[in-house]
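Please look through the structure below before reading on. The paragraphs after it go from one part to the next.

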Amino acid sequence: MKNNVKESNFDLFKFLYKYGTIIVILVAILFFTFTLDNFMNFNNMTNIFRSVSIVALIALAITMSLTIDGFDLSVGAVAGFASVIAAKFMVVWEMGAVPAIIVPLIVGILVGCINAFFIIKMNISDMLTTLSMMFLLTGISITFQSGSAIYNFMPLPNNAGMAPGTMNDAFLFIGQGKLFGIPVPVVIMLIVALLAHVFLNQTKYGRYLYMIGGNEEAAKLSGIPINRYKLIAYMMSGFIAALGGLVLGARLGSGEVDAGGPYLMDSVAAAFIGFSVFGIGKANAFGTLFGALLMGILLNGLIMMDFPYYSQDIVKGIVLILALSLTYYKKKK
């Protein structure tokens, strides 16, 4: 009798809402493991984690803006801009790794400040503000280097000879090095995800961000300085996006114009898929990490199965719409 009562109380939708993403990840791993000979080996697993690290970092930047019910579309452009600045510092201006890392991070924070200024003070929607910033930064990146990439021994414009500097080894270690056999980009991704999780869930600053995102008017009546916390969210978004750009530039070994652009949509998908992980229903760091991992596993398996690259967006779209359906249907209930 008791067992019958328990069975009747089982809510399939609730179960899928909490564990659907995890189940899909496990099913995908099992499917690719049994259908592909080389899927489940250390090298391929390392490749998957390395490939999702940049997507995850940019997605974590988006997650910060989502906590306040905002949306930062400029993160991909910030990442590309950061990689171009770092390469310019080392290859063209012969500076070391330290300024090539610090300056792009500061620029990322400044971009976040500018976004926040237009959103808060000028009352422009977050979508339009960050969309404008995306175009602006992409244009500056292209103009900054006359549309070409920055790489070792590149020819300088106006027949000025060859670039005098090279990409610093310490900088390249960020994107190509390993720590105890684990790629450094993966280590950075895990550290940033852990720090973001602790910040959002274990500090009053993170809880205030969630309160603003949940009900801005109620947060305002509670005495929370809303504008200040919105500024913090966009500054952190710019900082993490710039960090993702540095990892990307170090991995490529060059400063590619608009290098961050191709990562934007995958990052947006990862951040929104994260809403449904464990049924949290809001932006969260670990959910974003699982979202990026799901995208990486699916793409890696599909590539190994010779799935046409031009059809991969179909799979991404299906996964995203299913995750969004679970999240928003639950909110509606």
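Helices here are DSSP runs of H or I with at least four residues, and they are numbered from the N terminus. By that rule Asn-227 lies in helix H11. The model is a predicted one, and every value below is computed from it.

How many salt bridges does the structure hold? It holds 1. In general, side chains of opposite charge can pair when their charged atoms come close. Here the partners are Lys-230 and Glu-216, whose closest N and O atoms are 3.3 Å apart. Lys-230 belongs to helix H11, while Glu-216 belongs to helix H10, which covers residues 216–221, so the pair ties together parts that are 14 residues apart in sequence. Is Lys-230 buried or exposed? Lys-230 counts as buried, because its relative accessibility is 14% and the cut-off for buried is under 20%. Glu-216, in contrast, is partly exposed, with a relative accessible area of 36%.

Helix H11 also packs against another helix. A pair of packed helices is described by the angle between their axes and the distance between the axes. Helix H3 spans residues 42–66 and helix H11 spans residues 226–252; they pack at an angle of about 165°, and their axes are 7 Å apart. H3 is therefore roughly antiparallel to H11, since angles over 145 degrees count as such. The crossing in which H3 passes H11 is left-handed.

A second pair is H5 and H6. Their axes come within 9 Å and cross at roughly 140°. H5 and H6 are therefore oblique to each other. The crossing of this pair is right-handed. Between helix H5 (97–120) and helix H6 (126–144) runs a loop that contains Asn-123. The phi of Asn-123 is near 60°, a positive value in a residue other than glycine. Asn-123 counts as exposed, because its relative accessibility is 67% and the cut-off for exposed is over 50%.

Phe-180 also has a positive phi, about 55°, although Phe-180 is not a glycine. Where does Phe-180 lie? Phe-180 is in the loop between strand S1 (178–179) and strand S2 (182–183). At 86% relative accessibility, Phe-180 counts as exposed.

Leu-172 is found in helix H7, which covers residues 169–176. Leu-172 is buried, with a relative accessible area of 16%. From Leu-172 to Tyr-210 there are 38 residues in sequence, and the C-alpha atoms of Leu-172 and Tyr-210 are 36 Å apart in space.

The last stop is a nonpolar patch on the surface. Which residues form this patch? They are Phe-10, Leu-12, Phe-15, Leu-16, Tyr-19, Ile-23, Val-27, Phe-278 and Ile-280, and together they have about 780 Å² of accessible area. One of them, Val-27, sits in helix H2, which runs over residues 12–35. Val-27 is partly exposed, and its relative accessible area is 48%.

Key. Residues numbered from 1 in each chain as written. Predicted model: local features only at pLDDT ≥ 70, side-chain atom pairs only at ≥ 80, totals over all residues. Heavy atoms only, no water. Patch = residues over 30% accessible without salt bridge, like charges linked within 9 Å, V, L, I, M, F, W, Y side chains within 5 Å. Areas by Shrake-Rupley, 256 points an atom, 1.4 Å probe, with all protein chains shown as cover. Salt bridge = Lys/Arg side-chain N within 4 Å of Asp/Glu carboxyl O. Helix = DSSP H or I, 4+ residues; strand = E, 2+ residues; numbered from the N terminus. Buried < 20%, exposed > 50% of the residue type's maximum accessible area, 1.4 Å probe, protein only. Axes fitted to C-alpha atoms, helices over the stretch in contact; angles between N-to-C directions. Parallel < 35°, antiparallel > 145°, perpendicular 65-115°, else oblique. Left-handed = near helix turned anticlockwise from the far one by under 90°.
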